[in-house]
Amino acid sequence: MLCMECGHELERVCGPMTETYRGREYTVDGIVRDVCPACGEYEISAEESDKLDRAIDEAYRRDEGLLAPSEIKALRKSLNLNQKEFESLLGVSSPTCSRWETGSMVQSHTADKLMRVFLDHPEYAVEVLEPSRMVATSSKPITLPKRQEQWGSGNAPIRGKFNVVPGGKAA
Ligand SMILES: [Zn+2]
């Protein structure tokens, strides 16, 4: 295979690769790619690139103290929620949850903190989800309070159930 940049013959290597992710530098070993010894360009397969990304994501999660994919899944299972319900609980779009659980996406710090709250206080999850469940299942019609009879305004005579006797006591 020849280099796309300079035409030099590429060399297959399997060794450490350094990438920058969210401001941090990570070196992952054992990544196979074809490197150009002349200009430094390289070609990498989708599988190897995916392997590299996952290794970096994992290292980043560890460095930032974020929940691992298996921990996220375990939390969701312990709350007895499916992925859609779990996404609704955290206010994230679908299919965010499956991406977290397969490790193809790293959760934000906000989502991670929220998940830790539910990890420590699973009862909060019920409180958060309950209102939406009630709306979804309620068949009761909503009755509005009856409109109060309005008092007259300005110079309009006062109407209502009171009889006003001028100069005297109410009947
Ligand atoms: Zn080259």
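**Salt bridges, a zinc site and a surface patch**

E48 has a relative accessibility of 13%, so E48 counts as buried. Buried means under 20% relative accessible area, exposed means over 50%, and partly exposed is in between, with a 1.4 Å probe and protein chains only.

Before going on, some ground rules. This is a predicted model, where local features need pLDDT of at least 70, side-chain atom pairs count only at pLDDT 80 or more, and totals for chains, interfaces and linings use all residues. Residues are numbered from 1 along each chain as its sequence is written, and side-chain values use heavy atoms, leaving out hydrogens and water.

Back to E48. Its partner in a salt bridge is K51, with 3.6 Å between the closest N and O atoms. A salt bridge here is a side-chain nitrogen of Lys or Arg within 4 Å of a carboxyl oxygen of Asp or Glu. K51 and E48 are both in helix α1, residues 46-64, three residues apart, or about one turn of the helix. Helices (H or I, at least four residues) and strands (E, at least two) are DSSP runs, numbered from the N terminus. K51 is partly exposed, at 41%.

By the salt bridge rule, the count comes to eight. Another one joins D34 and R12, whose closest N and O atoms are 2.8 Å apart. D34 is in strand β2 and R12 in strand β1, so this pair ties together parts 22 residues apart in sequence. D34 is buried, with a relative accessible area of 9%, whereas R12 is exposed, at 61%.

Next, the metal. Which residues coordinate the zinc ion? They are C3, C6, C36 and C39, each through SG, at 2.2 to 2.3 Å. Donors are N, O and S atoms within 2.8 Å of the metal (3.2 Å for Na, K and Ca); water is not among the atoms, so sites may look incomplete. The angles between the four donor atoms run from 102 to 119°, which makes the arrangement tetrahedral. Four donors count as tetrahedral if all angles lie between 85 and 135 degrees. C36 is buried, at 2% relative accessibility, while C6 is partly exposed, at 43%.

Last, the surface. L114, V117 and Y124 form a nonpolar patch there, with about 220 Å² of accessible area together. Patch residues have over 30% relative accessible area and no salt bridge, with nonpolar side chains (Val, Leu, Ile, Met, Phe, Trp, Tyr) joined within 5 Å and like charges within 9 Å. Accessible areas come from the Shrake-Rupley method with a 1.4 Å probe, and for residues only the protein chains shown count as cover. V117 lies in helix α5, residues 109-120.

Methods
Tetrahedral: all angles 85-135°; square planar, octahedral: opposite > 155°, others 65-115°.
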